[in-house]
Amino acid sequence: VTLDADVETSITEKINDTPSFIKSINNVSAGRTYTVTEAANSSPTNLVSLTAYVMGMKLRGRRVSGGTTTLLNPFTIPVPNELGYCNDANPARMLESIPNQECIRRVTLVAGEPCPTALLLATYTDGMSLLAKPGAATDNAGSYIAVETPQTVQLDIVEATAGACSCPSPVLEVHYRVVLTNGNDITNFIARTITGDSITQCGTFNFAQRFSLTYREGAPFYKSGSPGYVNGLPLLIGNLVERKNSADEDVEAIGLFKHGYSLVGADSNGNCVANTQSQEQFDHPVINFDQDLIMGCNIGVNRAELAALCTPTSTLSTYLLIKEFTTMQFLGKFGEANPLYKSDWVAIDEGTNLSPGWDEINSVCSMPSIYHLKVITARVGSLTNPQRYVLSSRKEVTRTDWEYTSADQTVTEYFPMRVVVTYIDVEDEPIEEFTPDAPRIEMDPDAKFPFTPDPDGADKSLSLQVFTLIFAFVLILAN
């Protein structure tokens, strides 16, 4: 058989078109001819053994949900068709990126019926994985790379309207990233998603979504620029650790958060998350370069609990939002800061450590409740291609008064905690144009061209010059 440009599809077609099965073909490529041989007890799912993905080959995967495994052969990503509507049958192909583009869905919501699966986040992430290499056994869980979802952002896109229908947090955007080895084996599979407000209004309407697929070689999100930071990529944050060098000596290095530094803030009710709570249901916004961030949550306490919390030995660090802020130590100077070189990193100035204070008479706690990370950035390099880098950073803490107002001291009241990240760019000094004055020629006041000045200013100098000129004129006439 001769294989067409779509190698995988052509193999399947030849298998279906012949009574015999292909037992094993290694390093297949389009345009070449192969012999179809019989193999006893062959199974169509294990007929072709490929050593690695090649460019243009369809990605394969599976979904495990509710104890049921569904093979995704091929793995698909929606793209707009010629009319702009979502084509869900578009296969994802190795090393062929799909740009970030919008497609439209015609959606109908009916009271009492579930939300369309195309709008559910689970459709694009839950139980999904990709086959690491096409030659791996499809019935072995170890052959697959499970999808990672480091960040889900929810946007308020429309005003809430009352209605009988229900479509919670519909998917607005899904952006996949596949990380490869040099041999095109898949090592990581990441999905970043954005969801919107819940839809409760019934009816038929157009709903826009965006999808993309990109490939990257090496560790995911290891770099955020080269060398300067790229706006919107994770700010490199790490803590000091010790590691062994080649001589088995302890050396200092930076423990880097590979997906960026996530802040775990509030649960679905807006309450601060404690260390012992499950984090799976919560959104984890990542601190990205040059993107200001405010993250908050509420602490619910009665009067006695507030008084106990408002002491120098308070347990604020049990809340993950505060713990994560207080434990970060270093920022990468540039987007390609190397964790093995401490000199590539900037230590965060810890600022002043404030303790809470309790006013028993007025039931007021002066609580350090606003935690602010200021990142000072600058530019280096040419004017046409400046590189952004971190110059310095500092933590600042501000107190606010938490006043317990209920007459019943057992009532739970809620008080806000906030983490703020801001970027301050140090502009280069403006270039001031300077044009020097024209050089001045200092001349003696007695100098008269073509005469030479007389130091004493005597008239005899001028008479001598006149006599010389007359004599020269007579010589010229004589000639």
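## Disulfides and a covered strand

Begin by selecting Cys272 and Cys297, which are joined by a disulfide with an S to S distance of 1.9 Å in what is a predicted model. The torsion about the S-S bond of Cys272 and Cys297 is about 90°, so this disulfide is right-handed. Cys272 lies in the loop between strand E13 (250-256) and strand E14 (293-301), while Cys297 lies in strand E14 itself, so the pair ties together parts that are 25 residues apart in sequence. Cys272 is buried, with a relative accessible area of 6%, and Cys297 counts as buried at 2% relative accessibility.

Next, select Cys86 and Cys103, where another disulfide has its sulfurs 2.0 Å apart. The link of Cys86 and Cys103 is right-handed, with 85° about the S-S bond. The pair connects distant parts of the chain, with Cys86 in strand E4 (residues 86-87) and Cys103 in strand E5 (residues 98-109), 17 residues apart. Both Cys86 and Cys103 are buried.

Now move to Cys115 and Cys167, a disulfide with an S to S distance of 1.9 Å. This pair also links distant parts of the chain, 52 residues apart: Cys115 sits in the loop between E5 and helix H2 (122-125), and Cys167 sits in the loop between strand E8 (152-154) and strand E9 (171-180). How buried are the two ends? Because buried means under 20% relative accessible area, Cys115 counts as buried at 9%, and Cys167 counts as buried at 1%.

To place these pairs in the whole, colour every cysteine: the structure holds five disulfides, and when the bonded cysteines of the chain are numbered in sequence order, the pairing is 1-2, 3-5, 4-6, 7-8, 9-10.

For the last stop, select strand E10 (residues 186-195), which is mostly covered, since nine of its 10 residues are buried. Which strands pair with E10, and do they run parallel or antiparallel to it? Strand E7 (residues 144-148) runs parallel to E10 and is joined to it by two bridges, and here you can find Glu148 standing opposite Ile190 in E10. Strand E9 runs antiparallel to E10, and nine bridges join them, with Leu180 standing opposite Ile186 in E10.

Terms used:
Residues numbered from 1 in each chain as written. Predicted model: local features only at pLDDT ≥ 70, side-chain atom pairs only at ≥ 80, totals over all residues. Heavy atoms only, no water. Disulfide = S-S within 2.5 Å. Helix = DSSP H or I, 4+ residues; strand = E, 2+ residues; numbered from the N terminus. Buried < 20%, exposed > 50% of the residue type's maximum accessible area, 1.4 Å probe, protein only. Pairing = 2+ DSSP bridges.
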